[in-house]
2 protein chains.
Amino acid sequence: MKPKLTLKQIARELDVSVSTVSKALRDKTEISEDTRQKIKAFAKLYNYRPNNIALSLKNRKTRTIGILIPEIVHHFYATVIAGIEKVAHEQGYNVIICVSNNSFDHEVMNLEMLAGGSTDGFIVAVAKETQQRGDYHHLKEVIHQGMPMVLFDRIVEEVECDKVIIDDEEGACMAVKHLLERGCRRIGIITTVDYVSVGKLRTQGYRKALESCGIPVDEQLVLKIEDMDRSEEQIAQFLREQKMDGIFGVNEEFSTSAIRALHKMGVKVPDQVRVVSFSDGSLSARFIPSLTTINQHGAEMGEKAANLLINRLEADPGEEEPYKTQMIHTSLVERESSL
Amino acid sequence: MKPKLTLKQIARELDVSVSTVSKALRDKTEISEDTRQKIKAFAKLYNYRPNNIALSLKNRKTRTIGILIPEIVHHFYATVIAGIEKVAHEQGYNVIICVSNNSFDHEVMNLEMLAGGSTDGFIVAVAKETQQRGDYHHLKEVIHQGMPMVLFDRIVEEVECDKVIIDDEEGACMAVKHLLERGCRRIGIITTVDYVSVGKLRTQGYRKALESCGIPVDEQLVLKIEDMDRSEEQIAQFLREQKMDGIFGVNEEFSTSAIRALHKMGVKVPDQVRVVSFSDGSLSARFIPSLTTINQHGAEMGEKAANLLINRLEADPGEEEPYKTQMIHTSLVERESSL
DNA sequence: TTGTAAGCGTTATCAA
DNA sequence: TTGATAACGCTTACAA
């Protein structure tokens with residue numbers, strides 16, 4: 001590793017003082033045109049780049065936002081990130097991303113690192129394992145230390161900070177109502193266990209939609225997937241055992257697994273069973289049949305989250321507002337699977 | 001933003017010197033058991049966290065690896081990242097990820113930021129727009145400044161650094177030979193324009209496989225997609241106009257679009273047309289029919305890249321080895337689409 | 001117009 | 001056993 005060019009070296013080389021170099025490079029008029037040109041030329045020639053680390057230390061600001069997400073293979077998170085980056089770049093912030101891989105330990109590690117000076121604040125979706133454990137001390141600690149945090153998607157009620165969430169219940173409700181309108185009467189749901197907050201809310205929306213239409217919830221039609229690795233077979237079994245004319249999957253994985261299983265059973269989608277899915281991927285439009293989905297507007301979510309965070313970062317001390325939770329509305333995209 | 005707890009404040013609070021605090025917290029035996037306990041208790045109570053920025057400045061090392069990728073919605077990149085993280089964490093490095101969104105400007109910006117002190121080195125897959133422009137000055141500059149870089153996947157020949165690439169040609173060759181073995185004789189390829197290096201190599205592999213079996217390449221059967229937004233219709237048209245019994249898609253997107261189009265035309269896969277795809281996603285196993293793919297071993301790629309980088313980072317100055325290019329081999333995963 | 005010095009948070013060296 | 005000081009690279013008040 002070659003040592004990098006510093007102001008000091010430039011100063012020594014050109015026989016001026018460090019501060020002269022600093023000022024010249026920042027176009028201060030107090031430095032004579034002459035020296036300024038000389039210094040800038042030299043810096044350009046040797047490709048001087050100011051050391052952000054030193055700047056951060058000096059300013060006690062990094063102008064960097066840290067994003068911490070559970071998984072990276074997620075179209076939904078990708079769109080959220082795009083939204084965050086858009087706002088961040090507009091406001092002169094950089095963005096770095098860390099991935100917890102849904103592991104509690106990774107999450108803690110990454111948060112520690114980011115909190116250790118790399119970023120001014122966080123935008124976080126907590127890991128599944130963290131939600132399962134219910135151990136949020138790392139989040140609270142970091143906030144307590146004065147680093148602003150915005151939780152999104154996989155949020156935690158008991159952590160006090162700004163939050164942005166999808167209106168999961170509303171979305172699920174919309175999905176199920178759509179199936180009802182299409183004439184489905186025995187509608188099943190394939191969802192996650194309840195400690196995953198979004199799964200829980202989507203299940204609630206499912207119940208609400210049915211109840212609002214006077215249809216009692218048949219618990220036999222509620223499948224909660226515990227173990228993702230065994231989801232395929234669980235779903236297949238569920239479909240074999242229960243007779244349904246509509247299925248609501250809380251994510252694309254579950255929904256496509258269901259269609260696959262139905263396909264194997266010789267059951268036609270949408271002719272015999274209609275399917276609506278919550279969408280977190282680009283798979284929906286591509287699948288055969290293409291999936292009717294509840295669309296999550298990830299970019300909007302990212303933009304809101306970034307704005308919330310930047311507002312905190314730039315708020316004058318003392319005039320902080322109370323924490324907000326913003327809802328992002330979903331929308332129904334009709335495709336082949338529910339025709 | 002609350003100011004964070006520093007050594008200085010602890011020192012003032014406990015009426016000792018900064019250096020005593022520093023030493024106590026790092027368990028130096030020169031500090032008496034007594035003071036040490038006192039200081040550590042205080043630090044723990046108020047949740048002291050050393051400022052990494054200051055440490056980085058002091059050590060001129062961040063122990064952080066920067067990854068710069070074109071897109072984040074990519075299963076393949078996700079697996080590479082996982083591989084990098086594995087090795088990095090084992091060696092005590094952190095990882096931060098930046099996304100160029102395939103934009104040249106984003107790539108330059110992100111690289112500048114990372115080069116500005118946030119990381120010790122890079123692992124980069126260049127943006128499509130960058131490959132198109134052929135402008136690599138930002139990469140060269142950063143390397144010239146002494147920051148080690150490893151290019152992977154979307155590499156650039158003319159940039160001198162370590163590289164890790166998939167053996168795309170071999171993989172493509174394997175795919176086409178598989179189709180030939182299954183009896184296909186009119187095999188089409190759906191690929192990218194040639195400035196995308198992987199597309200080019202895969203096209204070469206396609207030609208090589210055919211030629212090695214004495215089958216002349218029919219240029220009518222080579223579809224180069226220019227504009228991703230119009231890929232669907234281009235592919236549909238291609239399939240309507242050309243008669244084929246085998247199709248090789250250089251990515252899942254192309255392959256699934258093809259199957260979709262065939263499905264609409266009433267052509268059965270694999271009965272009438274067999275399909276093999278290069279795989280960069282989790283879609284393959286899930287699709288109906290599931291896709292026979294050339295698997296890319298992203299994790300292995302990530303591990304190799306991380307090892308190359310860390311070797312550079314920890315090499316004693318003067319004893320640097322010449323730059324290496326490592327090949328990652330692919331493997332064929334047979335599924336329904338080529339049965 | 002240029003330079004000196006202090007400070008950001010930390011650690012290493014040396015002195016007390 | 002503890003503390004003062006310098007240094008990492010940079011900016012900025014202030015002095016020259």
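Student: Hi! Which residues in α11(B) meet residues in α12(B)?

Tutor: From α11(B) they are B:Ser231, B:Glu232, B:Ile235, B:Ala236, B:Leu239 and B:Arg240, and they meet B:Phe254, B:Ser257, B:Ala258, B:Ala261, B:Leu262 and B:Met265 in α12(B). Contact here means heavy atoms within 4.5 Å. Helices (H or I, at least four residues) and strands (E, at least two) are DSSP runs, numbered from the N terminus.

Student: And how do those contact residues divide by class?

Tutor: The contact of α11(B) with α12(B) has 8 nonpolar, 2 polar and 2 charged residues. Nonpolar covers Ala, Val, Leu, Ile, Met, Phe, Trp, Tyr, Cys and Pro; charged covers Asp, Glu, Lys and Arg; the others, Gly among them, are polar.

Student: Before we go on, what kind of model is this?

Tutor: It is a predicted model, where local features need pLDDT of at least 70 and side-chain atom pairs count only at pLDDT 80 or more, while totals for chains, interfaces and linings use all residues. Residues are numbered from 1 along each chain as its sequence is written, chains are lettered from A and ligands numbered from 1 in the order in which they are written, and side-chain values use heavy atoms, with hydrogens and water left out.

Student: Thanks. At what angle do helix α11 and helix α12 of chain B pack?

Tutor: About 55°, with the axes of α11 (residues 231-241) and α12 (residues 252-265) of chain B 9 Å apart. That makes α11(B) oblique to α12(B). Axes are lines fitted to C-alpha atoms, for helices over the stretch in contact, and angles run from 0 to 180 degrees between N-to-C directions. Angles under 35 degrees count as roughly parallel, over 145 as roughly antiparallel, 65 to 115 as roughly perpendicular, and the rest as oblique.

Student: Is the crossing of α11(B) and α12(B) left-handed or right-handed?

Tutor: Right-handed. A crossing gets that name if the near helix is turned clockwise from the far one by less than a right angle, and left-handed if anticlockwise.

Student: Over to chain A. How do α11(A) and α12(A) cross?

Tutor: Their axes come within 9 Å and cross at roughly 55°. That makes α11(A) oblique to α12(A), and their crossing is right-handed.

Student: Which residues of helix α11 of chain A are buried?

Tutor: They are A:Ser231, A:Gln234, A:Ile235, A:Ala236, A:Phe238 and A:Leu239. Buried means under 20% relative accessible area, exposed over 50%, and partly exposed in between (1.4 Å probe, protein chains only).

Student: What do the buried residues of α11(A) pack against?

Tutor: Against β6 (187-192), β7 (222-225), β8 (246-249) and α12 (252-265) of chain A.

Student: Another pair, then. At what angle do helix α9 and helix α10 of chain A pack?

Tutor: At about 40°, with the axes of α9 (residues 168-181) and α10 (residues 197-212) 7 Å apart. α9(A) and α10(A) are therefore oblique to each other, and their crossing is right-handed. Residues of α9(A) in this contact include A:Ala172, A:Val176 and A:Leu180, and those of α10(A) include A:Leu201, A:Gly205 and A:Ala209. By class, the contact of α9(A) with α10(A) has 9 nonpolar, 3 polar and 5 charged residues.

Student: New topic: what sort of peptide bond joins A:Ile288 and A:Pro289?

Tutor: A cis one, with omega about -5°. A:Pro289 is in the loop between α13 (283-286) and β10 (292-295) of chain A. In chain B, the bond from B:Ile288 to B:Pro289 is cis, with omega near -5°, and B:Pro289 is in the loop between β9 (274-278) and β10 (292-295).

Student: What phi does A:Asn101 have?

Tutor: A positive one of about 55°, although A:Asn101 is not a glycine. This residue lies in the loop between β2 (94-99) and α6 (104-118) of chain A, and at 43% relative accessibility A:Asn101 counts as partly exposed.

Student: And B:Asp153: buried or exposed?

Tutor: Buried, at 8% relative accessibility. B:Asp153 has a positive phi of about 55° although it is not a glycine, and its place is in the loop between β4 (149-152) and β5 (162-166) of chain B.

Student: Last one: what rotation superposes chain B on chain A?

Tutor: A rotation of 180° with 0.0 Å of shift along its axis, giving an RMSD of 0.1 Å. The two copies are thus related as by a two-fold rotation axis. Copies are superposed by least squares on the C-alpha atoms of residues with pLDDT of at least 70 in both. Of the residues of chain B, B:Ile97 comes closest to the rotation axis, at 2.5 Å (C-alpha).
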